[in-house]
Amino acid sequence: MRGPLGAVIGRYTSSDGSAPSDGIIKHNRKCRDITFLVIFIAFWVSMIVNSSFGFNQGNPLRLTYGLDYEGNVCGSKHHHRDLNQLELRYWLNPNQVYESGLKDGALKLANARTICLLDCPEPSDDTLNWVCDYPDGEIRLKMNDWIDRNYDYFEFLTPEMRNSSLQLQGPCYPVIFPSVNVYWSCQYIARASNSSLRHWQQMGGVNIQEDMIIDKSIRRSMNSRASVLKRYVADIGKSWPVLIVCGGLVPLFLSIIWLLLIRHFVAAMPWITVVLFNMLLISVTMFYYLKAGWIGNDAVTPIIGEHDPYFHVYGRELTHVRGVAILMTFISVVAILTSIAIIRRILMATSVLKVAAKVIGEVQALIIFPAIPFAMLAIFYMFWISAALHLFSSGQVVQNNCNNTNCCAYDLMLKKVNCDHCCGYSIRYTPHITIAIFFHLFGCYWATQFFIASSATVIAGSVASYYWAQGEASPEIPFLPVFASMKRLARYNLGSVALGSLIVSFVESVRFILEAIRRRTKVSGTTPDHWFWRMGHYTSRGCLKSVEWTIKSVNRNAYIMIAITGKSFCKSSAIATELIISNILRIGKVNVIGDVILFLGKLCVSLFSALFGFLMLDSHKYRSSHNKVSSPLLPVLACWALGYIVATLFFAVVEMSIDTIILSFCQDSEENQGNAQHAPPLLLETLDSNQEEEVQRLTH
């Protein structure tokens, strides 16, 4: 049995009638859970080391652009070749592309000869166009001159070079097929130009395959899971201005506005929140319908720039957008029905929010305090996203092994056809890079939970001072209780906050790993068919989700008791849980309804951020040229997630105010034989009426 906390958090007199020396908030504290604070600091050092590896080895341009026949990344500057303007990857030899598409073909598309160009070449109607290798050796041309000549110096070739070119061994290759820019790679269109093909045959060139395979081979490579994942990650890097505006500034502004409205128009805010949530959800769903091509003609397309309107290229991104559109439709229907179901309880939520509004009005520093963790998180996310882009693009550019294939090509430096080092290049990822990426993702989640928990603990400490002073100005309450609470957190309780955030992060990581295993087994077709194994699988998923929800709820109450009592995380969790169980009939329904309204408010802010992100990404800057995003899906999702995190920081002012007052009320009631002495009248009335309803329901 725990002892009474009156001397710790209450204004109770001692046996001789004098006031206790500890005051409202306990001051004679000591550091708690120091071991986990040390672990957290060590983890941050590891994060810096892990990120430095990414900055040293990675190049985010690899996520967008391909490699040429020398292993250079298109669109970047190298020590011996400046390819800054040459962003498009083009496959020079159409027969190699054709062979890579055959089921039993020995040549892979990664070994087909590629070059970086400024634009996709087109066949001529009256002559034969050529695309030649970078000018080297006897070809005395500068790169700019080579570009100005449309990559063609066939007229300067020696007879030996011309003969090897007619054998499709370079250094010049004919432009027989038209091509279109698909995600910075020139996609062949399997319609050979009759004029160019006739000129090629008249010159004695080897036979060129014209089958549809030449089109499908490149398309299959562009739609591989690895390629799609790289483009999604690259979209985050390209849309960084959108993330700053829609993931930072917009939710910051909206959250502050929401807090001010709660302060002055608390009676109307639950109704406004519910209506606005449904409107925003439907609006975002409609935008997904637009990008899915089900409304209008603005579907996501993989083609960049102008092209034949009758030519269509399939991309996985469109399938993903359509899947999300269907999911959003289902969520919208469920949300509307749920909103109708909770209408009767909105009045109860209004009563609780009024108490929180009064606290905000008295402790006004609470409105601006979340700007401090917001600024810290903003700095962290900028560092984290930059490091993530470099980690995802890290690896070594190595030449492939294709000894069993015929990839011979003319070498301008050696002045002969070379068959020894003609394989293509690829980026080789080692297992430790995968581990580094997962470590980086876990670090983001833990750091986010840590900042949110720290903010919640500071708010709880400030509100507790207000409650136990009965809402009056008291010399025992510091002039700026928020900063006093911050001082106590930094000095004594960072270890406890690190432990609580670590537990949540660990459980969420286990859920993520199990879900990844489930998806992989489903894709590979090894999902267990027996009903017993399926039941065990779904049961474990449900249990983990329940455990995660329970831990988050317990943690939030534990942070309140940490702020008030200064106890360790585990001890504070036990105290908070005992208080809630003892008073579940009085606080259960009120707390749940209040949390639902606040959750809808967070979703309103995050959905508005997502909607604004859609509008920004729909501008010309992100629909064409080198800034084009492959799909708005991940940037919009990132804006939604960042908006939700920012809203969580600011809405914690109301959320933690309600929870802190309710927990303080429970303790107050327990130490005064069921009659809370310090509770605001409105809260007391709301909780008592809720208890009467529950008793009546149970008796009937």
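Tutor: Two strands pair if DSSP finds at least two bridges between them, where helices (H or I, at least four residues) and strands (E, at least two) are DSSP runs, numbered from the N terminus. This is a predicted model, in which local features need pLDDT of at least 70 and side-chain atom pairs count only at pLDDT 80 or more, while totals for chains, interfaces and linings use all residues. Residues are numbered from 1 along each chain as its sequence is written, and side-chain values use heavy atoms, with hydrogens and water left out.

Student: In which sense do strands E5 and E6 pair?

Tutor: Strand E5 covers residues 179–182 and strand E6 covers residues 185–188. The two form a hairpin with 2 residues between them, and Tyr 183 in the turn has a positive phi of about 50 degrees. Ser 179 has Tyr 188 in E6 as its bridge partner, and over 4 bridges the sense of the pairing is antiparallel.

Student: Which residues on the two faces of E6 are buried?

Tutor: In a regular strand the side chains alternate between the two faces of the sheet. Buried means under 20% relative accessible area, exposed over 50% and partly exposed in between (1.4 Å probe, protein chains only). By that criterion both faces of E6 are covered, with Ser 185 and Gln 187 buried on one side and, on the other, Cys 186 and Tyr 188.

Student: How far apart are the end C-alpha atoms of helix H11?

Tutor: The expected span of a helix is 1.5 Å times one less than its number of residues. For the 26 residues of H11 (residues 316–341) that gives 38 Å, and this agrees with the distance between the end C-alpha atoms in the model, 38 Å.

Student: Which helices are included in what covers the buried residues of H11?

Tutor: An α-helix has 3.6 residues a turn, so residues three or four places apart point the same way. The buried residues of H11 include Leu 318, Val 321, Val 324, Ala 325 and Met 328. What covers the buried residues of H11 includes helix H8 (225–238), helix H10 (269–292) and helix H20 (633–671).

Student: Which residues touch the most other members of the largest nonpolar core?

Tutor: A nonpolar core is a set of buried Ala, Val, Leu, Ile, Met, Phe, Trp, Tyr and Cys residues joined through side-chain atoms within 4.5 Å. Within the largest one, of 115 residues, the members touching the most others are Tyr 288 and Val 654.

Student: Which element contributes the largest share of this core?

Tutor: Leaving aside residues up to four places away in sequence, Val 654 touches Trp 258, Leu 259, Ile 262, Leu 353, Ala 356, Ile 360 and Leu 598. Apart from this core lies another, of 61 residues, which has Cys 120, Val 131, Leu 166 and Cys 172 among its members. The largest share of the 115-residue core, 21 residues, comes from H20.

Student: How many disulfides does the structure hold?

Tutor: A disulfide is taken here as a pair of cysteine sulfur atoms within 2.5 Å. One of them joins Cys 74 to Cys 116 at 1.9 Å, and Cys 132 and Cys 172 form another, at 2.0 Å. The total is 4.

Student: Which handedness has the link of Cys 74 and Cys 116?

Tutor: Cys 74 lies in the loop between helix H2 (34–57) and strand E1 (88–91) and Cys 116 in strand E2 (residues 114–117), so the pair ties together parts that are 42 residues apart in sequence. Cys 74 and Cys 116 are buried. With -80 degrees about the S-S bond, the link is left-handed.

Student: What relative accessibility does Cys 419 have?

Tutor: Cys 419 forms a disulfide with Cys 408, their sulfur atoms 1.8 Å apart, and with 115 degrees about the S-S bond the link is right-handed. Cys 408 is buried, with a relative accessible area of 13%. Cys 419, by contrast, counts as partly exposed because its relative accessibility is 44%.

Notes. Contact means heavy atoms within 4.5 Å.
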